[in-house]
Amino acid sequence: MGNDWQDLGDALAKAESLLSQQRYVCGKTFTYMDLRLFMTLIRFDAVYVVYFKTNVGTIEMNYPNLLEYCKDIYQVPGMAKAGGWKLTFNQTLQRPKKLR
């Protein structure tokens, strides 16, 4: 699994760098790729770090551009509901204890 975490860290670093130069993944326009990235990032610290024990840092503490990106997209009308917080956390808490 070591390579998987390295790949994840590389992908986060690439996204961090990209979003330091432009507002959205594909430039100036919000696209489906932004929606996908947002949905992953918004759950990252609470789910991936805690339950899957990723060792690449947290969005909040280690990736300032990704954090600002999430804050920006969260403000788009309807995105707060699209995040599915209640469903995400209910599903996470219902996972078998061996995954927690």
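**View 1. The largest nonpolar core.** The largest nonpolar core in this predicted model holds 18 residues, and those with the most contacts inside it are Leu12, Phe38, Leu41, Ile59, Leu66 and Tyr69. A nonpolar core here is a set of buried Ala, Val, Leu, Ile, Met, Phe, Trp, Tyr and Cys residues joined through side-chain atoms within 4.5 Å; buried means under 20% relative accessible area, with exposed over 50% and partly exposed in between (1.4 Å probe, protein chains only). Two or more core residues come from each of α1 (2-18), α2 (32-51) and α4 (64-74), and α2 gives the largest share, 6 residues. Helices are DSSP runs (H or I, at least four residues) and strands are too (E, at least two), numbered from the N terminus. In soluble globular proteins, nonpolar side chains tend to be buried together.

A word on the numbers: residues count from 1 along each chain as its sequence is written, and side-chain values use heavy atoms, leaving out hydrogens and water. As this is a predicted model, local features need pLDDT of at least 70 and side-chain atom pairs count only at pLDDT 80 or more, while totals for chains, interfaces and linings use all residues.

**View 2. Around Ile59.** Which residues does Ile59 contact, leaving aside neighbours within four places in sequence? They are Leu12, Leu41, Phe44, Asp45, Leu66 and Leu67, where contact means heavy atoms within 4.5 Å.

View 3. Glu16 sits in helix α1. Glu16 is buried yet has no salt bridge, and the nearest side chain of opposite charge, Lys71, is 12 Å away. A salt bridge would need a side-chain nitrogen of Lys or Arg within 4 Å of a carboxyl oxygen of Asp or Glu; for charge, Lys and Arg count as positive and Asp and Glu as negative, with His and the chain ends not counted. Not counting residues up to four places away in sequence, Glu16 touches Tyr63, Pro64, Asn65 and Leu66.

**View 4. Tyr24 in the loop between α1 and α2****.** Tyr24 counts as buried because its relative accessibility is 8%. Beyond four places in sequence, Tyr24 is in contact with Leu19, Thr29, Phe30, Asp34, Tyr69, Asp72 and Ile73. Tyr24 and Ile73 are 49 residues apart in sequence, yet 9.4 Å apart in space, C-alpha to C-alpha.

View 5. Of its 100 residues, 30% count as buried.
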